[in-house]
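Dear colleague,

I am passing on the structure that we spoke of, with some notes on what came out of it. Please read them alongside the coordinates.

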Amino acid sequence: MNKSVYDSPDQVSEIKRHILTVLVDNEPGVLARVIGMFSGRGYNIDSLNVAEVSNDENISRITIVTHGTSEVVSQIEKQLLRIVPVHSVTNLDQEGSSVEAEVALVYIYISDTNKKKVYQLCDLYRARKIENENNTTIFEIAGASERVNRFIKEINEITKVEIVRSGPVAISSIQKNEEE
Amino acid sequence: MNNEITGAEIVLKSLAEQGVEVVFGYPGGAVLPIYDTLFKQNSIKHVLVRQEGGAIHAAEGYARSTGKTGVVLVTSGPGATNVVTGLTDAMMDSVPIVCITGQVPQHLIGSDAFQECDTTGITRPCTKHNYLVKDVNKLSSVFHEAFTIAQNGRPGPVLIDIPKDVQFASGTYEEKNKIVIPSHRLFEPSPDFEKNKIDEAVDLISKAKKPIFYIGGGCINSGPQASKLVREFINIVGSPVTMTLMGLGVVASSDKNSLGMLGMHGMYEANMAMHQCDVMINIGARFDDRVTGRLDAFSPNSKKIHIDIDESNINKTINVDVPIIGDVKQVVEKMISVWKEKKYKINTDSLNLWWDKINKWKEIDCLNYNSEGKQIKPQYAVQRLYELTKNTKTFITTEVGQHQMWAAQFYKFDEPNRWLTSGGLGTMGYGFPAAIGAQVGHPDALVVDIAGDASILMNIQEMSTAVQYRLPVKIFILNNEYMGMVRQWQELLHGGRYSESYTDSLPDFVKLAESYKAVGLRAKTTDELDDVITQMIETKNTVIADIWVTKEENCFPMIQSGSAHNEMMLSKDQKQDKKSAEKGKILV
């Protein structure tokens, strides 16, 4: 059950991670509306990703990773739909089959002693070195969050790193009627 | 470009095309161009309030008593922040409002300019939608969309923030019918209208042995026709019905099926019936915490049908068995036709048994109070007000507190849209400006604000407005010198320590009225009460009637926070057990 002044009566279902895809009109304030709903009603955002996806129609796709019971997440979906510029809300976990990926950029503090290990690990994870003017060691890794997590854990055991992650984006992998 | 007009003119033209007759507002630097345009026209009337907070409550009162959209016009900065309470109030109680705010010119936005604030940022969570209009050519389409959004689906407040340079700039006006609003921006009922859910619901009702209808403010928002249909359906079924604070008037309180209001200060029989029913039909209510009491003991053995236009209300706090998303009028109309089509008939034997049980609960006479003595009991004052006004077209508004609950319990409403009160937000200071708005919408009707001595002082400055526009609003103060509801909770839950709930140095309300060139009346004993009420009604002027009531009266019956529907307190003597009182203390 959801929040109320009073304790929840029913048993609470399991807390799970959910990926929500929200299509919105790309207008000023729309992101603030979406995240304001989360903070105002006390829901969690684990990660958030926004980008315009169609040039002609001015629509942005927001990918939100959240966690909660199915009741809470269903309430989140309904509250999102109340926001005027929101076109649609899709819970990709509910749909069952979706593909997700994220990108991480990793600045690696490298020395003669760890160099070999670092390159081996990056090779194993197919992390790609990004050339840059300062010639520092920056790797890019893309893929499911799980994989990025493992990579980061292992590289951390070797050396000091600085990491930036995009948070996952996801798309349904269910067969669609290809009309367009 | 001879078709171009200024942004300010577009504002007025949009309002006129939307059928707006009156705007409640207060001028200031950032809206001067709009006020200048207002000055040059005659079709839209402006009511000048004395504080912006009064403007928005007046617009709410106007909207809820007329069914039209209330319009507010205020300046930037403090003008905008002063309407935040009213916007939140309208959001909670689903009142259609369009609020226009001025903004500093665009080149100054972000510079901490004089009277600048982030209006759209501040009001985002307390409006259904808001706009900062940067392009004068978009102004008319924004207005037309704003009015549609305010009224569409579950109504609510919409704010339009207009920088001063946009008000001066020239642009083209687009007519209402030229604007296409994309469907995702509006509520649209599903095309097949959940036909199978309606069938399922009607079938469930027909098999009920102990049904109860639980009616909320959504029935009022759906229009007068919705109330008629709800009444018709309840009559066909023969079921008891209870109403929320917001739903009073949907079914006449004189109706044989009506059990009156339910909830924290609702009727004993209504709450008991909710607790023991086997089928609950919620029409346009949202299982508010003032209604449900403790959730784990809320109507434990019933199947629940929930009709609501806002899907987010479904399973929000209470899980229901048959949810129907839609407008009350359309859904109930379909339900009636299914009922008739399938020739359903409820089992009269079990229904009669149910009514027997309810009639037993009625015998408790939960509103009973000790009426001895010459001192006026607040309940008695409301009863007399009802008796002396019931044959007149009367609108009742209230502030928030004990007097509000006594008004809900003792004033009998036979029609929708006659009762205006702040339910969701519980805004003290709502009632008087709301009464001004209702009187503007209904110049010939009797409009009474049943107030408390504390609440009325929160917007007392509007006396000046009422007198200026010759609005014969009546303020009926149940004066006990306390913030009565705060005092009551302190008595019941905080060991009688009346921390800051006594108002010392109250004004002399009679002289206060006179200083505004209104009429002040006072009743100190039961002997004077009827005369004062009669005189108040007959006075063709703004009146403050200061009714001195017993000071420490409590509002009963009461479900204390943390208790269930079947654990009502009927009087002070019936103390709640200590443990649940302690548990309830942390709740609101």
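Which residues does Leu506(B) touch, not counting residues up to four places away in sequence? They are Asp453(B) and Glu481(B), where touching, or being in contact, requires that the C-beta atoms of the two residues, placed from the backbone, lie within 7 Å.

Before going further, please keep in mind that this is a predicted model, in which local features need pLDDT of at least 70 and side-chain atom pairs count only at pLDDT 80 or more, while totals for chains, interfaces and linings use all residues. Residues are numbered from 1 along each chain as its sequence is written, and chains are lettered from A and ligands numbered from 1 in the order in which they are written.

Leu506(B) lies in the loop between helix 21 (484-493) and helix 22 (509-515) of chain B; helices (H or I, at least four residues) and strands (E, at least two) are DSSP runs, numbered from the N terminus. With 16 other C-beta atoms within 10 Å, Leu506(B) is partly exposed, a class that falls between buried (20 or more such atoms) and exposed (12 or fewer), with C-beta atoms placed from the backbone. From Pro163(B), Leu506(B) is separated by 343 residues in sequence and by 42 Å in space, C-alpha to C-alpha.

One open sheet of chain B has 6 strands in the order 3-2-4-5-7-6, with parallel pairing, two strands being paired if DSSP finds at least two bridges between them. Strand 3 (45-48) and strand 6 (129-132) of chain B stand at its edges with a single partner strand each, so one side of each has no neighbour in the sheet. The twist averages 20° from one strand to the next; here and below, axes are lines fitted to C-alpha atoms, for helices over the stretch in contact, and angles run from 0 to 180 degrees between N-to-C directions. Strand 2 (residues 22-25) and strand 4 (residues 70-74) of chain B pair in the parallel sense over 2 bridges, and Phe24(B) stands opposite Val72(B) of strand 4. Helix 3 (residues 52-66) of chain B packs on this sheet, touching strands 2, 3, 4 and 5 (97-103), and its direction makes about 165° with that of strand 4 of chain B.

Another open sheet of chain B, also described as parallel in its pairing, is formed by 6 strands in the order 11-10-9-12-13-14. Its edge strands are strand 11 (258-261) and strand 14 (322-325) of chain B, each of which pairs on one side only, and the twist averages 15° from one strand to the next. Strand 9 (residues 211-215) and strand 12 (residues 279-283) of chain B are joined in the parallel sense by 5 bridges, with Ile212(B) opposite Met280(B) in strand 12. Helix 12 (residues 268-276) of chain B lies across strands 9, 10 (241-243), 11 and 12, running at about 105° to strand 11 of chain B.

Finally, helix 9 of chain B packs against helix 14 (residues 328-341) of chain B at an angle of about 60°, with their axes 9 Å apart. The residues of this contact divide into 7 nonpolar, no polar and 2 charged, where Ala, Val, Leu, Ile, Met, Phe, Trp, Tyr, Cys and Pro count as nonpolar, Asp, Glu, Lys and Arg as charged, and the others, Gly among them, as polar.
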